[in-house]
Amino acid sequence: MNPFDQTTDRSNTQSVKWDYTEEIFGIKDVLPMWVADMDFKAPQEVVAALAERAAHGIFGYTSPGSGAKKSVQMWMKKRHNWDITQESIVFSSGVVTALSMAIQSLTEPGDSVLIQSPVYHPFFDITEKNNRTIVNNQLSLVRGHYEIDFADLEKKLSDPDVKLMLLCSPHNPGGRVWSLDELRKIGELCAAHHVIVVSDEIHSDLMLFGHKHVPLASISKELANLSITCMSPSKTFNLAGLQSSAIIIPNKDLRAKYEDFQKRQGFFTLNTFGITAMEAAYTYGDPWLEELKTYLEGNVKTVTSFIAQKLPELKVIQPDSTYLVWIDCRSLSKTDAELKELLLEKGRLALEEGTKYGHGGEGFVRMNIGCPRSVVIEGLKRLEKAFS
C-alpha cells in the first residue's frame, strides 16, 4: 500500500480541521476539506527526531542555532537554487506572524499595503487590523489561470502611500506559479517606486506537474535588497502545529528593523520541537516530498476527471502547485451563502468559501486534497450530492 493511502484518525488530537468542525461550521458530521493542513504523517525521520528529543526529557529554553540555519540554507540551495547567507535568516513562529511583523516594522499606520485578490485571507486581516489601508491589484482569470494586470499594478505602486506589497507566491488559492518574467516585472516595478515586497512562499516546495518555483529575492541583488521572503516546512511536511518558519531578509537595514520589532513584541525563540522538526525535515525530507508530490498530482487528476464527468458545470482551476484546488461554481448561479448551505446541509462537506479571499473569489470554493485518495473520492461524491 502507498503510505499516503493510509488513513489516520485525527479526532481527539485538538485538530482544528477535525475536532472543531462543528464549532466553526455549526454542523456535525461533515467531511472537513477546508483548512490547509494535510492528513498525512510527517516523514519518519522527522517523527524519529522528535521522539529522540522528547526522550531526553528536558525542555528548557532552546535557540535555533547554526544547525537550523544551515538546514534552511542547504534547502534553499538544493530545492530552489538560491544561495543565501545564514546571517540573512530570521526565525518566526509562523508565516502569518511574520507578515504582520513586517507590516508593523516597515510601514506606519495609515500607509497603504498592496495585495492581489483573490488571495489568502489573512493578508486582509493583518493589514486592516494594523491600521494600514488595502490597495488591491485584482488578478484576472484568463483561460483557466490567473494573470497579473501589470498596468493596474504600476498605477497603484506609483501611489506614494503604498509602502509595501504582499506577494503570494505560489498563489493561494489559485495554485498559480508565477513565471520568472512575471516576478522580474513585479520586482522592477516595486524597485522603481521604492516599495518593499514581502513574499509569502510557504507553498514553494509543493511544485506539481514539472513547474518550477523561483524565489523573488533570488532573481537579482536589487530584488533581494527590497524583499522579505517567508518560508516554512509547515505546509511541505505537515508541521504547522509545531510553529516554526524561516524569514529570509538579505538587506541588513530591513532585517535590523524587523528583528528590533520582534524584540519589542517579546519574541525570544522558537518551540523546541519546532527547531528539531525543521532541521530533520530540511535535512532528510527530500525522498518523502518527491513521493508526496507524485501522490498529490494523482489527487489533482482524480478531482479534475471526476468534476469533468459528474459536474461539468463546475470548472477546476488547474493548480501548478499546492494541495489546494480552486473550483469555479459561478455557472450554478447560486449566491455564496446558497453554495455554503448546499455543501454543508445537503453534501455534508466543509470547504472554504471563495468570498474569504476577497474580490474575485465570489462563486468559488477551495478544496484541500492533501489527504488519502479515498477521502478525496468521498469528498467528490459529497460535492456531487450537494449540487445534484
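Biologist: Where is Val 30 found?

Modeller: This is a predicted model, in which local features need pLDDT of at least 70 and side-chain atom pairs count only at pLDDT 80 or more, while totals for chains, interfaces and linings use all residues. Residues are numbered from 1 along each chain as its sequence is written, and side-chain values use heavy atoms, with hydrogens and water left out. Helices (H or I, at least four residues) and strands (E, at least two) are DSSP runs, numbered from the N terminus. Val 30 is found in the loop between helix H2 (21-25) and strand S1 (31-32).

Biologist: Is Val 30 buried or exposed?

Modeller: Buried means under 20% relative accessible area, exposed over 50%, and partly exposed in between, with a 1.4 Å probe and protein chains only. Val 30 has a relative accessible area of 11%, so this residue is buried.

Biologist: With which residues is Val 30 in contact, leaving aside its neighbours within four places in sequence?

Modeller: Contact means heavy atoms within 4.5 Å. With those neighbours left aside, Val 30 is in contact with Thr 21, Leu 344, Arg 348, Leu 349, Ala 350 and Arg 382. Val 30 and Gly 65, by comparison, are 35 residues apart in sequence and 43 Å apart in space, C-alpha to C-alpha.

Biologist: What is the C-alpha separation of Thr 8 and Asp 39?

Modeller: Their C-alpha atoms are separated by 7.2 Å, although Thr 8 and Asp 39 are 31 residues apart along the chain. Thr 8 belongs to the segment before helix H1 (16-19), and this residue is partly exposed, at a relative accessible area of 35%.

Biologist: Where does His 213 lie, and with which side chain does the side chain of His 213 make a polar contact?

Modeller: A polar contact is a pair of N or O atoms within 3.5 Å; within protein, one must be able to donate a hydrogen and the other to accept it, and residues adjacent in sequence count only if both atoms are side-chain atoms. His 213 lies in the loop between strand S8 (196-200) and helix H9 (221-225). Its side chain makes a polar contact with the side chain of Glu 201, at 2.8 Å. Because its relative accessibility is 3%, His 213 counts as buried.

Biologist: At what angle do helix H7 and helix H8 pack?

Modeller: Axes are lines fitted to C-alpha atoms, for helices over the stretch in contact, and angles run from 0 to 180 degrees between N-to-C directions. Helix H7 (residues 150-157) and helix H8 (residues 180-192) pack at an angle of about 25°, with their axes 10 Å apart. Angles under 35 degrees count as roughly parallel, over 145 as roughly antiparallel, 65 to 115 as roughly perpendicular and the rest as oblique. H7 and H8 are therefore roughly parallel to each other. Phe 150, Leu 153, Glu 154 and Leu 157 of H7 make the contact with Glu 182, Lys 185, Ile 186, Leu 189 and Cys 190 of H8.

Biologist: How do helix H4 and helix H13 pack?

Modeller: Helix H4 (residues 66-80) packs with helix H13 (residues 286-310) at an angle of about 40°, their axes being 13 Å apart. H4 is therefore oblique to H13.

Biologist: Which residues of helix H6 are buried?

Modeller: In H6 (residues 122-129), the buried residues are Pro 122, Phe 123, Phe 124, Ile 126 and Thr 127. The elements they pack against include helix H5 (95-106) and strand S3 (112-115). After H6 comes Asn 131, whose phi is positive, near 60°.
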